[in-house]
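I opened my notebook to look up a few side-chain contacts, one at a time. Here is what I wrote down as I went along.

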Amino acid sequence: MATDLPMSPELEQIDGEIHDIFRALQNGFQKMDKIKDSNRQAKQLEGLTGKMKECKRLIKEFDRILKDEESNNPPEINKQLNDRKQFMVDQRVEFLCHLEENVVAQTVETGAQTAATLTQQTEQMKRIGNELDSVHFSLKKASQLVKEIGRQVATDKCIMAFLFLIVLGVIAIIVVKIVHPNNKNIRDIPGLAPPAQNYQINNRRLLWTEAFIGV
């Protein structure tokens, strides 16, 4: 808002800077209403808050210079300049209220988004917990199966070892009978007889047959 009030160069410069800030705040709040992304809203609010602080500093500076020059101005001019300062204060308060409304709205929206995110994370944690329980149950069953297979394999190995020992025993007996056919301490294996003994029996049978035929 431009003014035709007679001001010192210092007051006129500060007044122009405050006017520029008010215009920037107005445009910023208009853009704020169109922004939907929460991150961009937060960034926009941060910029507007910075401008509000700068505006407050300039108004204080305006008031300080005004008081220093008050004795040199007519009462009517001082009144107009004080009214100008009060307008700046009221305008800043109005923007401040608007800023607080946007901050509250963003806080509510952020809280709602956070609550929704937490709900999703809670459900996800529940699903993960259920999956872990299933994995634990599967691992337990697999462990039991491995133990059963291990016991079965151990039993099979024992059986194979026992059969192997039997085979070795049979072979040992056969070898001994072949080497020592007349050893009476070694029993014959049913169905098996030392080759030497079988040969002698066959010879005896052949001689008996020839003698019988010759008679």
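This is a predicted model: local features need pLDDT of at least 70, side-chain atom pairs count only at pLDDT 80 or more; totals for chains, interfaces and linings use all residues.

D63 has a relative accessibility of 16%, and buried means under 20%, so D63 counts as buried. What does D63 form a salt bridge with? The partner is K85, with the closest N and O atoms 2.8 Å apart. This pair links distant parts of the chain, as D63 sits in helix α2 and K85 in helix α3, 22 residues apart. K85, at 17% relative accessibility, counts as buried too.

Next I turned to helix α2 itself. It runs over residues 38–69 and reaches 47 Å from its first C-alpha to its last, close to the expected 46 Å. At its N-terminal end I found D37 as a cap, with a side-chain oxygen 3.2 Å from the backbone nitrogen of N39.

I then checked other charged pairs in α2. R57 and E54 meet in a salt bridge at 2.7 Å, N to O. They are three residues apart in the helix, so about one helical turn separates them. Is R57 buried or partly exposed? R57 is partly exposed, at 44%, and E54 is partly exposed at 32%. I also noted that E61, R64 and D68 are linked in a network of salt bridges. My search of the whole structure gave eight salt bridges.

F29 lies in helix α1 and F95 in helix α3, so the pair ties together parts 66 residues apart in sequence. Both F29 and F95 are buried, and together with F22 they form one aromatic cluster.

Terms used: Residues are numbered from 1 along each chain as its sequence is written. Side-chain values use heavy atoms; hydrogens and water are left out. Helices (H or I, at least four residues) and strands (E, at least two) are DSSP runs, numbered from the N terminus. The expected span of a helix is 1.5 Å times one less than its number of residues. A polar contact is a pair of N or O atoms within 3.5 Å; within protein, one must be able to donate a hydrogen and the other to accept it, and residues adjacent in sequence count only if both atoms are side-chain atoms. Buried means under 20% relative accessible area, exposed over 50%, partly exposed in between (1.4 Å probe, protein chains only). Rings of Phe, Tyr and Trp (its six-membered ring) pair if their centres lie within 6.5 Å; planes under 30 degrees apart count as stacked, over 60 as edge-to-face and the rest as tilted. A salt bridge is a side-chain nitrogen of Lys or Arg within 4 Å of a carboxyl oxygen of Asp or Glu.
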